Amino acid sequence: MGTDGPDVVLAGLDGSDSSWRATAYAAGLARRQGAVLAVAYIQPILGAATALAGAAVEETTQEIAEELLAALREAEQRVREVWKVEWRFLTVRGDPYTGLAKLADELRADAVVVGVSEQAGHKVIGSVAVRLVKAGRWPVTVVP
C-alpha cells in the first residue's frame, strides 16, 4: 500500500500440484521484490455429514498442515544456497475463499497467488481463484 512493489505476497497451499506451483511462483515473486512470503493452508470446516467424525477429521487436517510445513522447510533447505526469502506459514479453519480473503486483509497482502482448481465442479460453480479475482481487493495471480 503506497510502496514500490509488494511487501507481502500470500500464497494458498493445499497440497495439490497447482498449489505447489503457485507457492513456488509466489516465492520467486517475493524473492525478487524483497517481500515476505506468507503461505496459507486453510483447514476445511466440518460439514454436517462429517460432524460425527469431527475429531478424526480435525486431526487429519492438522496433520496435513504439519506435512505441508515440513515440505516447505525441506524445500527451503534445498535452495538456501541459491536464494533466501523471508516466509511464514499460516493456517486457519474455514472455507478456502473466506480464509484466504481474511488472511490477505489481515496481512495487508499486496498480491495473492493461488493454483488453478483441480476440481471439475468448480468450472460450474466457481473456484476460489475466481472468487478472489471477483472480490477485487488484491492483485490475484492464478497459476496453472
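**Note on the sheet, helices and cores of a predicted model**

1. Val39 touches Ala11, Leu13, Thr23, Leu72, Arg88, Phe89 and Leu90, leaving aside residues up to four places away in sequence; contact means heavy atoms within 4.5 Å. This is a predicted model, in which local features need pLDDT of at least 70 and side-chain atom pairs count only at pLDDT 80 or more, while totals for chains, interfaces and linings use all residues. Residues are numbered from 1 along each chain as its sequence is written, and side-chain values use heavy atoms, with hydrogens and water left out.

2. Val39 belongs to strand β2 (residues 36-43). Helices (H or I, at least four residues) and strands (E, at least two) are DSSP runs, numbered from the N terminus. Eight of the eight residues of β2 are buried, that is, under 20% relative accessible area, where exposed is over 50% and partly exposed lies in between (1.4 Å probe, protein chains only). In a regular strand the side chains alternate between the two faces of the sheet. Here Val36, Ala38, Ala40 and Ile42 point one way, and Leu37, Val39, Tyr41 and Gln43 the other.

3. The open sheet has five strands in the order β3-β2-β1-β4-β5, with parallel pairing; two strands pair if DSSP finds at least two bridges between them. β3 (87-93) and β5 (140-143) each have a single partner strand, so one side of each is left without a neighbour in the sheet. Direction ignored, neighbouring strands are turned by 25° against each other on average.

4. β1 (residues 8-12) and β2 pair in the parallel sense over five bridges. Leu10 has Ala38 as its bridge partner in β2, and Ala11 has Val39. β2 and β3 are joined, also in the parallel sense, over seven bridges, and the partner of Tyr41 in β3 is Thr91.

5. Helix α1 (residues 17-33) has 17 residues and reaches 24 Å from its first C-alpha to its last, close to the 24 Å expected at 1.5 Å a residue; the expected span is 1.5 Å times one less than the number of residues. Gly34, with a positive phi near 70°, follows α1. The helix lies across β1, β2, β4 (111-115) and β5, running at about 150° to β4. Axes are lines fitted to C-alpha atoms, for helices over the stretch in contact, and angles run from 0 to 180 degrees between N-to-C directions.

6. The largest nonpolar core has 21 residues, and those with the most contacts inside it are Val9, Ala26, Ala30, Leu37, Val39, Phe89 and Val113. Such a core is a set of buried Ala, Val, Leu, Ile, Met, Phe, Trp, Tyr and Cys residues joined through side-chain atoms within 4.5 Å. β1, α1, β2, α2 (54-79) and β4 each supply at least two residues of this core. α1 gives the most, with five residues. Apart from this core lies another, of 18 residues, among them Ala38, Leu90, Leu103 and Ala104.

7. Helix α3 (residues 96-107) has 12 residues, which should span 16 Å at 1.5 Å a residue; its end C-alpha atoms are 16 Å apart, which agrees. Tyr97, Gly99, Leu100, Ala101, Leu103, Ala104 and Leu107 are buried in α3. The buried residues of α3 pack against β1, β2, β3, β4 and α5 (128-135).
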